[in-house]
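Hello! Take your time and find each residue as you go.

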Amino acid sequence: MSLIDEAMEPCIIMDKVTRDDGYGGVVTEYTEGAPFSAAIAFDDSIMARIASAQGVTDLYTVTTRRNIVLRAQDVFKRVSDGKMLQVTSDGDDNATPASASLDMRVVSAKEFKSKKKG
């Protein structure tokens, strides 16, 4: 078992669903979809700290298995604390080759706050 395996924790893809709000508008909601495992690391580099101080959302690095392809704008939830993250890069862009013994794919993400009604 590798350190990446040990860092993996349960997550759930959040599926975006739209519905009529009854007043001529549309309401967007997120419902739980497929489960997967990911290692999620908070980016605490100096550049990230400076950006955070200037109001930029906290950034994360998300590592999954090659067979999990997260795409930009996908939203998922970490089961342990319910924190929701939105993917900011495309999973097709950063994966280990099929011949590699290390089985991983990496994306970046930011904290996601869904808009509340009202």
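The points below go from the whole chain to single residues.

1. **What you are looking at.** This is a predicted model, in which local features need pLDDT of at least 70, side-chain atom pairs count only at pLDDT 80 or more, and totals for chains, interfaces and linings use all residues. Residues are numbered from 1 along each chain as its sequence is written, and side-chain values use heavy atoms, with hydrogens and water left out.

2. **The overall layout.** The chain has 2 helices and 6 strands. Helices (H or I, at least four residues) and strands (E, at least two) are DSSP runs, numbered from the N terminus. The C-alpha trace spans about 55 × 35 × 25 Å along its principal axes.

3. Of the 118 residues in the chain, 29% are buried. Here buried means under 20% relative accessible area, exposed means over 50%, and partly exposed is in between (1.4 Å probe, protein chains only). The chain exposes about 7,700 Å², and carbon and sulfur atoms supply 52% of that area. Accessible areas come from the Shrake-Rupley method with a 1.4 Å probe; for residues, only the protein chains shown count as cover.

4. **Contacts along the chain.** Take the contacts with a separation of 6 or more: residues 24 or more positions apart account for 52% of them. A contact means heavy atoms within 4.5 Å.

5. **Charges.** The chain has 15 positive and 18 negative charges, and their mean positions are 4 Å apart. Lys and Arg count as positive, Asp and Glu as negative, while His and the chain ends are not counted. Each charge is placed at NZ of Lys, CZ of Arg, CG of Asp or CD of Glu.

6. Searching the whole structure gives 9 salt bridges. A salt bridge is a side-chain nitrogen of Lys or Arg within 4 Å of a carboxyl oxygen of Asp or Glu. One of them joins the side chains of Arg66 and Asp103, at 3.6 Å from N to O. This pair links distant parts of the chain, 37 residues apart: Arg66 is in the loop between β3 and β4, and Asp103 is in the loop between β5 (84-87) and β6 (105-111). Arg66 is partly exposed because its relative accessible area is 21%. Asp103, at 26%, is partly exposed as well.

7. Which residue does the side chain of Arg71 meet in a salt bridge? The partner is Asp92, with 2.9 Å from N to O. Arg71 has a relative accessible area of 39%, so it counts as partly exposed. Asp92 is also partly exposed, at 46%. Look for Asp90 too, as Arg71, Asp90 and Asp92 are linked in a network of salt bridges.

8. Glu111 forms a salt bridge with Lys113, and their closest N and O atoms are 2.9 Å apart.

9. **A nonpolar patch.** Ile46, Met47 and Ile50 make a nonpolar surface patch of about 330 Å². Patches are made of residues with over 30% relative accessible area and no salt bridge; like charges are joined within 9 Å, and nonpolar side chains (Val, Leu, Ile, Met, Phe, Trp, Tyr) within 5 Å. Met47 is in helix α2 and counts as exposed because its relative accessibility is 63%.

10. **Phe42.** This residue lies in strand β2 and is partly exposed, at 44%. Leaving aside residues up to four places away in sequence, Phe42 touches Asp58, Leu59 and Tyr60.

11. **A backbone angle to check.** Most residues other than glycine have a negative phi. Now look at Gln73: its phi is near 85°, a positive value. Gln73 is in the loop between β3 (59-64) and β4 (75-78), and it is exposed, with a relative accessible area of 54%.
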